[in-house]
Amino acid sequence: MGDGSRAAKPSGEEALIARLFTPIATHPGALGLKDDAALLAVPPGHELVLTKDALVAGIHFFADDPPEAVARKAMRVNLSDLAAKGARPLGVMLAFAIPPDMDAAALDAFAAGIGADAAHYEAPLLGGDTVRTPGPFTVSITAIGAVPSGTMVRRTGARPGQAIVVSGTIGDAALGLALRLAPGRPGFAALTEAEADFLRERYLLPRPRLSLSRALREHASAAMDVSDGLVGDLAKMLEASGVGGEIETARVPLSPAARRAVEAEPALLEIALTGGDDYEILAVVPHEALSRFQTVATTAGIGVAVIGQTREGQGLTVHNREGQLVSFAQGSFSHF
């Protein structure tokens, strides 16, 4: 006969965590997700870099997007912030609110997406929280990274007379969103199916440029990732640094798909430059360091384009190929 005691029955939340996330939370600091907190050692000679982004269905992704893709997007927008600061990931904390129409299969797929990117980007799941909600599906991730002490790349370090550079290609995600909202536009009618699929995927799955972290620490005077649109985010960085700048639209790198759409419908260029969700790196690099920075980027398989230069004064000016001033109705995407 027993002693009269009995084991406590796991709550619904505990059972859900045990099924979905304990198998992927293998980092020792996660403590098997059996505690109220995680334990993380700071690497010697390093400082922590922390960032947090939340994604809400109907605002940052479509309610019918695949749950695995939503999970990966949530991971990647946060890891992109770490990359822009020159940090390498140490881990992530996950919180999400589950609406009534999210079934077990969708939760399984969501957890699989978190686990896949945690492994791919070496950003282990350390803990978090789950709740129920009557409202839209909401995901919030805190990403924790590390940089050698005193080396984090800030927005405030740009100086006049330095090169303004961007990684990858700009505007794909914004055009992918516009394509989903208005597929009948002339610019999108000109695309092949493969090009349309490319733009849709770029909106759904960002590509955090973590392989540029060290090059940014060593060569960039200022950096951020492009989340709310190239023009608006560059204006923010220039203001934070107390300098002005100018860029030329013809020098902004576009993918073949984006270029075809813009050539067929020139009005789409404004969406590409201001629409957001690129998650590419925007940096200011002294000219004497530019060659080394570009070499590291090329070795990592990432293109880097010089699109302009910082200057004395304030504000951002944008010119077209003919040198004419270009203005936009909206400088960047707003979440409010």
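Which glycine just after helix 11 takes a positive phi? That's glycine 301, with a phi of about 80 degrees. (Helices here are DSSP runs of H or I with at least four residues, strands are runs of E with at least two, and both are numbered from the N terminus.)

Before going on, a word on the model. It's a predicted one, so local features need pLDDT of at least 70 and side-chain atom pairs count only at pLDDT 80 or more, while totals for chains, interfaces and linings use all residues. Residues are numbered from 1 along each chain as its sequence is written, and side-chain values use heavy atoms, with hydrogens and water left out.

**Helix 11**

Helix 11 covers residues 287–299, which is 13 residues. From first C-alpha to last it reaches 19 Å, close to the 18 Å expected at 1.5 Å a residue (the expected span is 1.5 Å times one less than the number of residues). Its buried residues are Ala289, Leu290, Phe293 and Ala297. They sit on the same side of helix 11 because they cover an arc of only 120 degrees around the axis (the arc is that of the directions from the helix axis to the C-beta atoms). Buried means under 20% relative accessible area, exposed means over 50%, and partly exposed is in between, using a 1.4 Å probe and protein chains only. On the face turned away from the buried side you'll find the exposed residues Glu288, Thr298 and Thr299. The cover over the buried residues includes strand 5 (163–167), helix 7 (213–219), strand 8 (281–285) and strand 9 (304–311).

**Salt bridges**

Side chains of opposite charge can pair when their charged atoms come close. A salt bridge here is a side-chain nitrogen of Lys or Arg within 4 Å of a carboxyl oxygen of Asp or Glu. The whole structure has 16 of them.

| Pair | Closest N and O atoms |
|---|---|
| Arginine 260 and glutamate 195 | 2.8 Å |
| Glutamate 280 and arginine 202 | 3.0 Å |
| Lysine 236 and aspartate 233 | 3.3 Å |

Arginine 260 lies in helix 9 and glutamate 195 in helix 6, so their pair ties together parts that are 65 residues apart in sequence. Arginine 260 is partly exposed at 37% relative accessibility, whereas glutamate 195 is buried at 13%. Glutamate 280 is buried too, at 0%, and arginine 202 is buried at 4%. Lysine 236 and aspartate 233 are 3 residues apart in helix 8, separated by about one helical turn. Lysine 236 is partly exposed at 31%, while aspartate 233 is buried at 1%. Elsewhere, salt bridges that share partners join Glu68, Arg72, Arg76 and Asp117 into one network.

**A lysine without a partner**

Lysine 85 sits in the loop between helix 2 (67–84) and strand 2 (88–98). It is buried yet has no salt bridge, and the nearest side chain of opposite charge, aspartate 81, is 7.4 Å away. (Lys and Arg count as positive, Asp and Glu as negative; His and the chain ends aren't counted.)

**The cores**

A nonpolar core is a set of buried Ala, Val, Leu, Ile, Met, Phe, Trp, Tyr and Cys residues joined through side-chain atoms within 4.5 Å. The largest one has 58 residues, and among those touching the most other members are Leu94, Phe96 and Phe110. Helix 2 gives the most to this core, with 9 residues. A second, separate core of 21 residues includes Leu230, Val243, Leu282 and Val284.

Key. Contact = heavy atoms within 4.5 Å.
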